[in-house]
Amino acid sequence: MKFIVKLFPEITIKSKSARRQMTKILRQNLQVLFRTHLISADVQNRWDSIAIVVNHDDEVTRRKVIQILSHTPGIGFTLEIGEYPFSTLDDAYQRIRDEYRDEVAGKTFCVRIKRAGQHDFTSHQAEIYIGGGILKETEARAVSLKSPEVVVKAELRNDKVHVVRQTIKGLGGYPLGSQGEVLSLISGGFDSTVASYLMTRRGLKTHFCFFNLGGSAHEIGVKQVAHYLWSTYGESHRVKFVTVPFEDVVTEILKNVETSQMGVVLKRMMLRAASQVADNLHLPALVTGEAVAQVASQTITNLAVIDRVCDHMVLRPLAAMDKQEIINIARRIGTESFAASMPEYCGVISVNPTTVGDRKRVEAAETAFDMAVLDDAIARSRTQRIDEVLSEAESGLEDIPVVTTPAISDVIVDIRHPAEAEENPLTLPNNAVLRIPFYDLETKKSEFAPGVRHLLYCQKGTMSRIHAHHLSLESPERYGVFSEPDIKRPVTTSDAEQTEQESVADD
């Protein structure tokens, strides 16, 4: 299998040095991702693209590669190609004709050819020759240059013809890690998850900071969505997840702060804490999901008052978006279902909240707040690697049975996100498979057949273990985790190079 990665257009207009550096970073990121997903591939830089040769030719590997290429920042689009040698235009025509014969049958078409190298014909001449041959020797209906049903695409590069089998839309943006690092304040809702995604897409290595206002359910939910964002869009780089216990801060605000100022004061306390976390991680900027005027604390005057407690740059990528735009992006990137089912804590709700921020009045309200409580919360913050937040460190997870060969009577419950399950369906010859997304488990567990063991399944086995643990608190013998046996890949000569590149990307 071969793929040609085309750079995001904004990269192509950069200076030669900037373009070269971004292409190098993108290549490193792809090498790390292929290695992580056990895909043996050669990744080679070109001036205007990146060529990828995958050393396994099976459908499962192909789907994994397409998933990676469509979710990696910095890619404009990718061409899946068939590569053949040629010496004459007729050689190229025959290859292209055979690849597109079935697709153009009964349809209108046009031909688009790109060339690189020395040839005795122009691109336009090639298009005329190949189009005429296809019209004559296949069942294509007609040529249509303005509105064809099929566009026949190929590239003639020196002594090779690349026949385009599929165009894969890319994520766009800049290669991850090319624009620095930020700390994103994430609550798990629509806004903060979309803001985190937009920063990742823009090439910023995005760490996460969660303020726990009360309850482990919310923390686990936020860890799940943060892990999903990282594993889907930013897995080439390891990032941190910081939890700051804010229960005592909330209690202090409720006891001692004027009710109309509670919302603004809480945001100021969060920015103070986030600024300290960012200093500890040597990060220059913070990211929030605030949109102007969405709620009372997000009027432009209140935001100005909130920002005064922080020396760090505060980025608000959603500032000018309305709620429906944000929800639409969340739906497209796969975080809508997380946000819709996220447990919420509404302990700090101002009565008649102020919308016109008054710095002096807010500072006066804060004089009754014991700052030692905030210092204690920061001191008790916990920093984890994002790839470890769903690990067995959660209490009791290590006791959940993991089954690789289920009994015939076992029912497998596929709890993956619907998009992931659709992309790579789980089928077992001897067991029933239920597809119930993790966020519907609580409401649908009553439908599980009594007396039958249910084994939860996800791709990496972490989320399934968390949810199996939660369900097993009521009936320990009824739940477990199903894990597919590991598939080993052969060691390739490029492994040493990829290991070196991985260390570069992680630093």
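## Cysteines and the basis of the model

C110 is buried, its relative accessibility being 2%, where buried means under 20% relative accessible area, exposed means over 50%, and partly exposed lies in between (1.4 Å probe, protein chains only). C458 also counts as buried, at 10% relative accessibility. With a disulfide taken as a pair of cysteine sulfur atoms within 2.5 Å, the count comes to 0 disulfides.

The model is predicted, so that local features need pLDDT of at least 70 and side-chain atom pairs count only at pLDDT 80 or more, while totals for chains, interfaces and linings use all residues. Residues are numbered from 1 along each chain as its sequence is written, and side-chain values use heavy atoms, leaving out hydrogens and water.

## Nonpolar cores

A nonpolar core is here a set of buried Ala, Val, Leu, Ile, Met, Phe, Trp, Tyr and Cys residues joined through side-chain atoms within 4.5 Å. The largest such core has 50 residues, and those with the most contacts inside it are V194, Y197, F208, F241, I386, I415 and L456. Among the elements that give two or more residues to this core are α6 (190-201), β10 (205-212), α7 (216-233) and α17 (462-472), helices (H or I, at least four residues) and strands (E, at least two) being DSSP runs numbered from the N terminus. The largest share of the core, 7 residues, comes from α7.

Leaving aside neighbours within four places in sequence, Y197 is in contact (heavy atoms within 4.5 Å) with L171, L229, Y233, I329, R332 and I333. Apart from this core lies another, of 38 residues, which includes V249, A273, A278 and C310.

G76 belongs to strand β4 (residues 75-85) and is buried, with a relative accessible area of 18%. Residues up to four places away in sequence not being counted, G76 touches K6, L7, F8, K169 and G170. Although G76 and I11 are 65 residues apart in sequence, their C-alpha atoms are 9.4 Å apart in space.

K445, in the loop between α16 (441-444) and β18 (454-457), likewise counts as buried, at 17% relative accessibility. Beyond its neighbours within four places in sequence, K445 is in contact with L471 and E474.

## An exposed leucine

L145 is found in the loop between β6 (142-143) and β7 (150-157) and is exposed, with a relative accessible area of 60%. In soluble globular proteins, nonpolar side chains tend to be buried together.
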